[in-house]
Amino acid sequence: MLVGISRSSARYIPHPRNDSGLAERVRAIAERHKRYGYRRAVALLRREGETVNHKRVYRLWKMCGLGLPRRAPKKRRRGAGVVPCQAVRPNHVWTYDFMEDRCATGQKLKLLTVVDEFTRECLAITVARSIRAHDVIQVLDTLFSTRTPCEFIRSDNGPEFIARALNQWLSQNGTRTIYIDPGSPWQNAYGESFNGRFRDECLNMELFNTIAEAQIVIELWRREYNEQRPHSSLGYLSPTEFVTRYNTENVPNSRSTSLSLSGLPNGQEQHGQDTTPCPFVQPPTAALESLSSGALSSGWARNTIP
């Protein structure tokens, strides 16, 4: 007792736990999903029923050398970009955009992506050598026939998206267009965020020999993205899990009930009703920060969208 502590404390012998099994599981996740970080690994482990602390997984992640190389910091612009007409319910606002890639033979691939901005679902990825306005109409016609048509659809000012035939078809189906201002990709932050994940986790990781192979691989990735991939802005639920929870916690008529920006159904936030809303849907912060420039939303949206 010379130093004022008990003898048992002074002679404490640590008994470290055996983490070999968990470390192997963490390595398997990192091998299967090469672009995932430890937080998504935690979400996958918990989905499998594993009770695990994120700090424990982080320690194993670093010990196994699974950390991804740090990206060079991007130059940030001052201000916060504004996304006009943010989605407040499923099928409220969709966004579509084009991407490009190449096969191993050098053959050009053009890809059309369609995303629901509220649920983060990737509704379709079309792969072809060329995609024109009538091809875009065919993709949307298929989606409109299998699910509730969107009320608004967001895009840039590409020639396929501003084509008269496409605009007439959308008008006939009750869908209004939102065109972002030229040179303002932050106004389409949800689409840009998805395209970044798609390129990082799929296009940059695969080498396609033919268009047919690209179509199969990309469709498999799209299904995994919707059904399995934990999404940080959805509380690490997959888009499919989020939609299921949203549908069980809200009335079936999604057009009449929507969530406010706080996550509560509109009208309940002010009255202080005690409800359990679906997980708070956050904007893609990284995309907004990297693309923001303090610009105002498009003039059409300011004057048209309530």
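The questions and answers below concern a predicted model.

Student: Which residues of helix α6 are buried, and why do they line one face of the helix?

Tutor: An α-helix has 3.6 residues a turn, so residues three or four places apart point the same way. Viewed down the axis of α6, the buried residues fall within an arc of 100 degrees, so they line one face of the helix. The helix spans residues 164–172, and its buried residues are Leu166, Trp169 and Leu170.

Student: What do the buried residues of α6 pack against?

Tutor: The residues in question are Leu166, Trp169 and Leu170. Their packing partners include the helix α5 (133–146).

Student: Which exposed residues does the face of α6 turned away from its buried side carry?

Tutor: Exposed here means over 50% relative accessible area. On the face turned away from the buried side of α6, the exposed residues are Arg164, Ser171 and Gln172.

Student: How many salt bridges does the structure hold?

Tutor: Side chains of opposite charge can pair when their charged atoms come close. The cut-off used is a side-chain nitrogen of Lys or Arg within 4 Å of a carboxyl oxygen of Asp or Glu. Asp19, Arg56 and Arg59 are linked in a network of such salt bridges. In the structure, the number of salt bridges is 16.

Student: How many residues apart are Arg35 and Asp200, whose side chains meet in a salt bridge?

Tutor: The N to O distance of this salt bridge is 3.0 Å. Arg35 is in the loop between α2 (20–32) and α3 (38–47), while Asp200 is in helix α7 (residues 189–201). Arg35 counts as partly exposed at 25% relative accessibility, and Asp200 counts as buried at 14%. The pair links distant parts of the chain, and the separation is 165 residues.

Student: What is the relative accessible area of Arg229, the salt-bridge partner of Glu201?

Tutor: The closest N and O atoms of Glu201 and Arg229 are 2.8 Å apart. Glu201 lies in helix α7 and Arg229 in the loop between α8 (211–227) and α9 (239–249), so the pair ties together parts 28 residues apart in sequence. Glu201 counts as buried at 14% relative accessibility. Arg229 is buried too, and its relative accessible area is 2%.

Student: What separates the C-alpha atoms of Cys85 and Arg154?

Tutor: Cys85 lies in the loop between α4 (54–63) and β1, and counts as buried at 12% relative accessibility. Along the chain, Cys85 and Arg154 are 69 residues apart. Their C-alpha atoms are separated by 9.4 Å.

Definitions and conventions:
Residues are numbered from 1 along each chain as its sequence is written. This is a predicted model: local features need pLDDT of at least 70, side-chain atom pairs count only at pLDDT 80 or more; totals for chains, interfaces and linings use all residues. Side-chain values use heavy atoms; hydrogens and water are left out. Buried means under 20% relative accessible area, exposed over 50%, partly exposed in between (1.4 Å probe, protein chains only). Helices (H or I, at least four residues) and strands (E, at least two) are DSSP runs, numbered from the N terminus. The arc is that of the directions from the helix axis to the C-beta atoms. Contact means heavy atoms within 4.5 Å.
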